[in-house]
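Here is a short briefing to read alongside the model. Take a moment with the sequence and the fold, and then work through the points below.

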Amino acid sequence: MACVGQLGCAQDDGGDKMHSEFFCPPRDYRREAVMVPLVGDPDHFLTAVASKPPGRGAQARVAIVVIHGGLREAEPYYDVMMKVVKKHNQHDSTLVVAPGFADRPCSSAEWLKGSSLRHTCAVAAHWGSSSRQWMFGAESDHNATWKGVTSFEAIDSIFPWVSKEYLGVEHIILAGFSSGGQMVLRWAITSTEGIDGKTKDGKELRIVIGSPSTVMYLDEKRPAKKCSPNEDTGKLHHCHDFQVQAEDVCGPHDYDQYGFGLGGLKWHSGVGSSIRLDVSNYVHATTSKSDQKHLRSTLVKRFASKDIRFLFGSHDTKSCLKGICSGDCQSMTQGANRLQRGLNYMGHLENAIPGYKAIFGIFEGGHDHIKAFNSDHFESWAFHHGRRKQASVVAHASPMHQATERVVQLEVSVEGTPRVIAPHFDYIIN
């Protein structure tokens, strides 16, 4: 195997490069460092830290894969999730994996420095141009001998690795918060993993998306203006009115282009926009020719069959026009703050997918991944499994009254037929 040298840089279609907290080797968890090999590419890997060494986690039945935020802070996210697991006495039976989307070159010898694992000549994939490069699914930086790998392909590579190295794992939770939530949502819409609630190799896969600043709409409609006032509309906010926007609502920028919608995901599309081109190629590589003619409906059908949950903070309500979150035109068509955008999106999913009922929880707090992962919602979703769920009760406090949201999820699984997930929301004012 030949060692690969420095990697070049890919072009990006927007987004600033944030301060990074990626360290090679890991700053605090060197003994937990592992390499996730990219499918079909032994020369490159995805950096990660894991609570159990590969091949030595036979007791683990659940794997929680947690995706970091915009600072690429995989180690702090790993630390938080480990504390959650230990709080619920699930340490022995749960594997925690925290991948890191590196922003600089890192060899296996560097990454595994301090680990007992054997290093190779492999090099970590890295996304060094901007945050949108990994968050939106673009290819990693490349060189003359390697074209790179999309961040979505990197996520896809985690599941066969878990199945191979941790034979006892039956359930996988993929969770992302903030920028990680954005990335996981876009991946969930475009990937073939998770269809009918399972990985390709048959493991149960649950996807948890926490407080994304922006979301990706499945059709060209957006919330009506009355659904998105620039104010705190609270945790009982809901939107049922969605409208196609004027073509020039965002000037030269199409409000429905990929990243914010599914526009432009065409075969060999995206001239001048490498992110759109990279994701177009990723999607079409897993789509039949007949389905490519109806790509939007194909992706919607896939998404609707997946086991997806959303988490929002009750006080994540600061205006995005003040720089708290993305305030560009394409983002503002979705709502004025993160909570409002999230609740608008719940309405959108039910509006865009006939018969679909969104599953979401609201925790008491702002834009806080620690509170999100310590919430009763996440505990229930991560540690309580089963083909048929009992009703779960979620309490929301408000100044005037208490609203109780009863979520009844019906899961029908018949051999040879798709699994149907049909939750029902019943708001009761006490």
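**A serine and its surroundings**

Ser163 is buried, because its relative accessible area of 14% falls under the 20% cut-off. Please keep in mind that this is a predicted model.

**Around Ser163**
- Helix H4, which spans residues 151-165, is where Ser163 lies.
- Leaving aside residues up to four places away in sequence, Ser163 touches Asp201 and Lys203.
- With Asp201 there is also a polar contact, side chain to side chain, at 2.6 Å.

**The nonpolar cores**
- The largest nonpolar core holds 73 residues, and those touching the most other members are Phe101, Ile155, Leu174, Trp187, Phe303, Phe310 and Tyr345.
- Helix H4 gives the most to this core, contributing seven residues.
- Apart from this core lies another, made of 37 residues, including Leu112, Leu311, Phe373 and Phe383.
- As background, nonpolar side chains in soluble globular proteins tend to be buried together.

**A closer look at Phe101**
- Not counting residues up to four places away in sequence, Phe101 touches Ser151, Ala154 and Ile155, among others.
- Its list of contacts also includes Trp127, Trp134 and Met183, as well as His68 and Arg72.

**The chain as a whole**
- The chain contains 12 helices and 16 strands.
- Of its 430 residues, 58% count as buried.
- Taking contacts between residues at least 6 apart in sequence, 71% join residues at least 24 apart.

Conventions
Residues numbered from 1 in each chain as written. Predicted model: local features only at pLDDT ≥ 70, side-chain atom pairs only at ≥ 80, totals over all residues. Heavy atoms only, no water. Helix = DSSP H or I, 4+ residues; strand = E, 2+ residues; numbered from the N terminus. Buried < 20%, exposed > 50% of the residue type's maximum accessible area, 1.4 Å probe, protein only. Polar contact = N/O pair within 3.5 Å; in protein donor to acceptor, adjacent residues only side chain to side chain. Contact = heavy atoms within 4.5 Å. Core = buried A, V, L, I, M, F, W, Y, C linked by side-chain atoms within 4.5 Å.
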